[in-house]
Amino acid sequence: MCGIAGIIHRGKSSNVGSEMTAMLQALKHRGPDSTGFAIYGETKPGDFLMRIKVAEKEDMDKGHGILDRIKERISEVDKRLRAHDATIKESENATAYALRYVISHDGNIKEMAQHLEEIDGVEILSLGNRLELIKDLGDAAAVSEAYGLGSYEGTHAIGHARMATESDVDIRSAHPYWAFPYNDVSVVHNGQITNYWSMRREMERRGHRFTSDCDSELLAVFTAHNLAHGVSLEESLRRSVQEIDGVFTYLVATENQLGMAKDAMAAKPLVLYESDELIAMASEEVAIRAILPQEIDTHDPYDEEVRVWQA
Amino acid sequence: MAGVSDSQLKKMTQEERVKALGMATEQLSGRSLFIEFNADEEDRFTYPWAPEVDFNKRIEINADNMASTALNEKMRELMTEGYGSIVIKNPRGKHSLGVGILNRLNLIFEGSLGYFAVGLIDGPNVRIKGRVGWSCAENMMSGTVVIEKNAGSTFGAALRGGDLVCGGSVGSRTGIDMKGGTIIVGGDAGALTGFMMQRGRVIICGNAGKNLGDSMYDGTIYVGGEIRSLGVDAVPGEFTDLEHSWLSRKLRQFELLPEKGVDHFTKIIAGKQLWNYDNLEPTEKKLIL
């Protein structure tokens, strides 16, 4: 089933970490397996934020000597960052297996990212100037507390409460997906994509990489491919409705935009609230009510509807 | 049913009533509840175990910190105590509120509801001063449900009777599989409205999305605005004077009659050209295909 949510404040920052936590917690019944956040905060010009994981959560329980391997992997990450002339300005452990880096770098991001992911067990969750992507097993409240998201300020965010249907219960298959290697682009999805494998093979032929077998990752790669070729976010969303088969509603966030697309059958829900100050959307109205308890007007976008909002 | 009086039914446990009403073999035979109605027996038009309520007995409940199950149980308790007018404040989009009410009741929700609002009801008059999520009034048998704002998809799915009214716009697949009753939409309706409907009427004052009336068996759809496209086997029908007056009266009743009247409405019915309308056996059909 899965639950998705998005919020964007027009022209100002807010405590989107706490808002998204409340929204996703209200959607817990739609997906208790994992929860993920893509939050767009403020950074210094030229700085890159990088979120990586160096092991799966389940490895911590069953892996003999995993702490030593994690230490080796982190050391190798630092070494390779320096090899790409990146300056590590900050580095902190969010959990034993997830790290947050602030780096400055003016080289080729894709090459650096690919080099880092060649390290066994290392996956970049996000890399960008504003995007911080956090995902882990458990509900929103647990993930938010573990990663200290309650105080995160930003202009917009998207999130996902996952019920695993087509791939494993692990961080790799959790949403959001970063649109590798495109800066600051993330995707959350509720649905099933029926031409996943044919589309994936097409994308792989064009040089894109997939880190999981989760059909939702295709939407991130599809978006990254279009944006890299100069297609606008709105046009990319429109193309997805025509080219991707299945039932889906998905949200895409970029550095300063938030977009949504719904399939031709309108088979997956989304409730939308719009005001002069903010736009909030979620699979169910209860999620919007979690941050806007007053009586408000909401509506369901129709089939093949595509919308993009500016922060 | 023969030989079992209402007073006896009232004293029975749920399990005994199921057997007495002939539902015991339902799972095996697939047949549905069989009750022979007798117009002379007034009680036959209500459920024997449904509580007697007094519309003048009114109560307000603040649902702010109540879970859906607790709230539904509270309403049941109040109806058993004879409350006939219940006002629910701050429902805040909770799911499955007001379901399974089988008696007369004035029920007002002062706010929006989530999924499966007032489903499986038979008799109450409900007013929702907000919006509803997916599958509102699913399988409703009788009564009136009025929603003041918008509604989500599968609005009135499998509706069997009563009037279901949305003052705003509704999502896709409104009236899917409906078997009776009337759905009225003040605004627009999404794709596949009236999909596989079998009986009943859908009135859309605004525009209708694509595939309107797709694979409908029977029933009628009236559209005041533009139709994006008709579904398989859905065809325009001709208005009769009787329908014209019924449509005007029905929309006026809910204060949704357009200023210019209903002359501009389009009527859509089943073309009845699909496979389910021929008399061929499957083997014969294969030969033809």
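Predicted model: local features only at pLDDT ≥ 70, side-chain atom pairs only at ≥ 80, totals over all residues.
Chain A comes first. It has nine helices and 15 strands. Its radius of gyration is 18 Å, close to the 19 Å that the globule rule gives for 311 residues, so chain A is as compact as a globular protein of that length. Along the principal axes, the C-alpha trace of chain A spans about 50 × 40 × 40 Å. Buried residues account for 48% of the 311 residues in chain A. As for how the chain folds back on itself, take the contacts in chain A between residues at least 6 apart in sequence: 71% of these join residues at least 24 apart.

Chain B has six helices and 11 strands. Here buried residues make up 40% of the 289 residues. Among the contacts in chain B between residues at least 6 apart in sequence, 27% join residues at least 24 apart.

Where the two chains meet, chain B puts in 21 residues and chain A puts in 14 residues. On the side of chain B that touches chain A, the residues split into three nonpolar, 14 polar and four charged.

Next come the nonpolar cores. The largest one holds 85 residues, and the members that touch the most others are A:Ala5, A:Met23, A:Ala179 and A:Ala282. Helix α7 of chain A (residues 216-228) supplies the largest share of this core, six residues. Apart from this core lies another, of 66 residues, with B:Ala63, B:Val145, B:Val165 and B:Met178 among them. Back in chain A, the contacts of A:Ala282 can be spelled out. Leaving aside residues up to four places away in sequence, A:Ala282 touches A:Gly3, A:Ile4, A:Ala5, A:Met23, A:Leu27, A:Val271, A:Ala287 and A:Ile288.

Helix α3 of chain A is worth a look of its own. It runs over residues 66-83, and at 1.5 Å a residue its 18 residues should span 26 Å; the end C-alpha atoms are 25 Å apart, which agrees. The buried residues of α3(A) are A:Ile70, A:Arg73, A:Val77 and A:Leu81. Seen down the helix axis, these buried residues fall within an arc of 75 degrees, so they line one face of α3(A). The face turned away from that buried side carries the exposed residues A:Asp68, A:Lys71, A:Ser75, A:Lys79, A:Arg82 and A:Ala83. As for what covers the buried residues of α3(A), the list includes β3 (47-53), β4 (87-93), β5 (98-104) and α4 (109-117) of chain A. Just after the helix, A:Asp85 takes a positive phi of about 60 degrees.

Helix α5 of chain B can be checked in the same way. At 1.5 Å a residue, its 13 residues (241-253) should span 18 Å, and its end C-alpha atoms are 18 Å apart, which agrees. Just after α5(B), B:Glu255 takes a positive phi of about 55 degrees.

Finally, there is A:Ala146, which lies in helix α5 of chain A (residues 140-147). With 14 C-beta neighbours inside 10 Å, A:Ala146 counts as partly exposed. A:Ala146 and A:Ala94 sit 52 residues apart in sequence, yet they are 7.4 Å apart in space, C-alpha to C-alpha. Not counting residues up to four places away in sequence, A:Ala146 touches A:Thr95 and A:Asp136.

How values were computed: Residues numbered from 1 in each chain as written. Chains lettered and ligands numbered in written order. Helix = DSSP H or I, 4+ residues; strand = E, 2+ residues; numbered from the N terminus. Expected span 1.5 Å × (residues − 1). Buried ≥ 20, exposed ≤ 12 C-beta atoms within 10 Å, placed from the backbone. Arc of directions from axis to C-beta. Contact = placed C-beta atoms within 7 Å. Nonpolar A, V, L, I, M, F, W, Y, C, P; charged D, E, K, R; others polar. Core = buried A, V, L, I, M, F, W, Y, C linked by C-beta atoms within 7 Å. Rg over C-alpha atoms; globule rule 2.2 N^0.38 Å.
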